[in-house]
Amino acid sequence: MEGRYSLVERVAALLADEQGTLRKEAPYRVALCYPSPYHVGMSSLGYQAMYREIHSHPGATAERAFLPDDVEAYRRTRTPLFTFESQAPVSSFHMLAFSVAYELELSGLFSMLELSGIPLLKEERDERHPLVVAGGPLTFSNPDPLEPFVDVLVQGEADDLIHVLLEAAASMEKDALLTHLAGIPGFRVAGRGGQRYHVAKASDARLPARSAIVTPHTELRSMFLIEPERGCSRGCHYCVMRRTTNGGMRTVPPERVLSLIPEHAKRVGLVGAAVTDHPRIVELLRTLVDSGREVGVSSLRADRLTQELVDQLRRGGATNLTVAADGASQRMRDLVDRKHSEEQIIRAANFAKTAGMRQLKVYNVVGLPLEEDVDIDELARFTVELSKILPVALGVAPFVAKRNTPLDGAPFAGIREVEGRLERLRRGLKGRAEVRPTSARWAWVEYMLAQCGPEAGLAAMDAWKAGGSFAAFKRAFQERNCQPYLARRVEDGRRRPTEWPRVENVAPHYV
């Protein structure tokens with residue numbers, strides 16, 4: 001019992017530091033689950049928005065559960081996974097609702113179900129077990145690997161759908177509920193029909209999503225998150241949130257954004273796919289900074305930056321400027337329809353220097369189809385040029401093709417090839433910039449989960465049971481015969497579209 005007590009004490013300490021925690025007694029209880037640790041989950045605006053929406057629903061309440069930092073401590077002490085608000089066992093709730101951000105969080109979902117004493121495979125559960133539901137950013141691309149484990153997939157923006165789900169779940173038996181939901185756009189119930197790869201769109205009345213809770217124990221310390229816009233009007237080929245996904249960008253007037261920020265919020269994060277594309281972003285930033293708050297902005301676009309905008313960020317506490325180039329060379333940026341030029345990125349660096357910032361962070365991608373050594377050489381040359389203006393940290397991720405994009409079905413460059421390009425980049429930089437690469441091996445695992453069907457989810461379960469190493473994943477993908485296939489490649493949208501390579505279109509057996 002002493003072991004369990006220390007686990008409860010750790011949760012109590014986190015709760016004590018929160019502002020805005022919601023508590024409500026209601027007949028229908030949802031365990032809102034995040035398959036990564038607390039500090040990651042509480043930095044997710046979507047997760048926080050669902051917490052707020054469930055609490056606003058009459059007759060329903062939500063309590064939070066996260067992947068423990070120390071899963072082994074729960075196993076060792078035989079402590080069932082419990083919720084934060086009441087320390088009640090997760091298995092005692094009517095519904096487990098998982099918010100899944102990306103493919104590699106599948107392992108966290110397995111661990112949370114195991115610690116709750118709930119069978120992983122939906123076919124092994126019965127009426128005694130809670131309804132298991134999943135939604136989140138992953139459903140904008142390829143939620144297929146989740147199918148063997150969840151009763152219902154909520155696809156796309158769930159701000160409205162969560163209320164439809166709660167209304168039905170509170171009044172129907174499980175079998176009737178699943179049949180009912182399968183007929184509603186936005187829900188996917190495997191084996192009962194429903195539209196695959198549907199991405200639901202929330203009503204404008206639900207915007208903007210915003211934090212319920214502010215806590216110092218997050219990736220974004222004590223920051224209140226709110227979205228001044230949702231979606232994106234751009235057509236970048238690698239991005240799930242491109243303009244074709246949900247009808248482009250929807251903006252929220254600054255007046256409404258400001259009215260929803262609580263007095264106690266001293267740090268505000270403006271979150272969205274294209275925040276700097278908001279036509280009144282400078283005005284919003286200036287008003288927030290003038291009120292004495294610190295401000296952070298996600299998704300800065302180099303072509304939208306001005307000296308005034310960067311100055312406001314600096315006044316709001318930013319010491320680094322972060323932009324994304326997303327293409328090793330101008331040729332690659334043009335191919336993926338990333339509307340950035342070297343001149344615009346250099347200008348952004350000069351804005352940052354003038355504002356008194358210390359570092360420029362540049363996110364980039366390597367391993368795109370059609371990429372060559374000369375493109376990597378150009379990236380090295382250009383980064384060295386940038387480093388003469390301001391110290392540069394270069395975040396480099398291997399390209400992973402996603403559903404619902406013009407690059408869906410494109411092959412993975414290869415682990416050795418990606419590692420070779422990273423080494424070529426380092427040699428070219430000669431120590432003039434810090435390189436922060438994402439693992440090529442785990443990018444390949446992400447690629448397989450992003451480009452395969454439900455069998456890839458079963459392979460992920462096998463790998464997790466075998467310890468979760470890269471070798472375990474590689475073996476499991478082979479044993480489950482996981483084959484990437486072309487599923488949903490959307491139009492380029494340009495007069496002269498890029499013809500991307502694609503893997504052989506193998507028809508999956510379950511469609």
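Residues are numbered from 1 along each chain as its sequence is written, and side-chain values use heavy atoms, with hydrogens and water left out. Because the model is predicted, local features need pLDDT of at least 70 and side-chain atom pairs count only at pLDDT 80 or more, whereas totals for chains, interfaces and linings use all residues.

Helices (H or I, at least four residues) and strands (E, at least two) are DSSP runs, numbered from the N terminus. Two strands are taken to pair if DSSP finds at least two bridges between them. On this basis, six strands form an open sheet with mixed pairing, in the order E2-E1-E3-E4-E5-E6. Its edges are strand E2 (60-66) and strand E6 (187-188), each of which pairs on one side only. Strands of a sheet pair through backbone hydrogen bonds, either parallel or antiparallel.

Strand E1 pairs in the parallel sense with E2 over seven bridges, and Tyr34 stands opposite Phe66 in E2. Between E1 and E3 the pairing is likewise in the parallel sense, over four bridges; here Cys33 has Phe98 in E3 as its bridge partner. Strand E3 (residues 95-99) is joined in turn to strand E4 (residues 131-135) by five bridges, again in the parallel sense, with Leu96 opposite Val132 in E4.

Two helices are placed against these strands. Contact is defined as heavy atoms within 4.5 Å; axes are lines fitted to C-alpha atoms, for helices over the stretch in contact, and angles run from 0 to 180 degrees between N-to-C directions. Helix H5 (residues 106-116) packs on the sheet and touches E1, E2, E3 and E4, its direction making about 160 degrees with that of E3. Helix H3 (residues 45-56) lies across strand E1 (28-34), E2 and E3, and runs at about 155 degrees to E2.

A residue is termed buried under 20% relative accessible area, exposed over 50%, and partly exposed in between (1.4 Å probe, protein chains only). Strand E1 is mostly covered, with six of its seven residues buried. In strand E2, Ala65 counts as buried because its relative accessibility is 0%. Ala65 and Cys33 are 32 residues apart in sequence, yet their C-alpha atoms are 4.8 Å apart in space. Not counting residues up to four places away in sequence, Ala65 touches Leu32, Cys33, Tyr34, Tyr47, Leu81, Phe82, Val90 and Met112.

A nonpolar core is a set of buried Ala, Val, Leu, Ile, Met, Phe, Trp, Tyr and Cys residues joined through side-chain atoms within 4.5 Å. The largest such core has 166 residues, and those with the most contacts inside it are Met95, Phe98, Leu270, Leu321 and Phe477. Helix H16 (residues 440-451) gives the most to this core, contributing eight residues. Another core, of five residues, lies apart from it and includes Leu45, Ala49, Ala209 and Met223.

Asp375 counts as buried because its relative accessibility is 2%. Its side chain is joined to that of Ser329 by a polar contact of 2.6 Å (a pair of N or O atoms within 3.5 Å; within protein, one must be able to donate a hydrogen and the other to accept it, and residues adjacent in sequence count only if both atoms are side-chain atoms).
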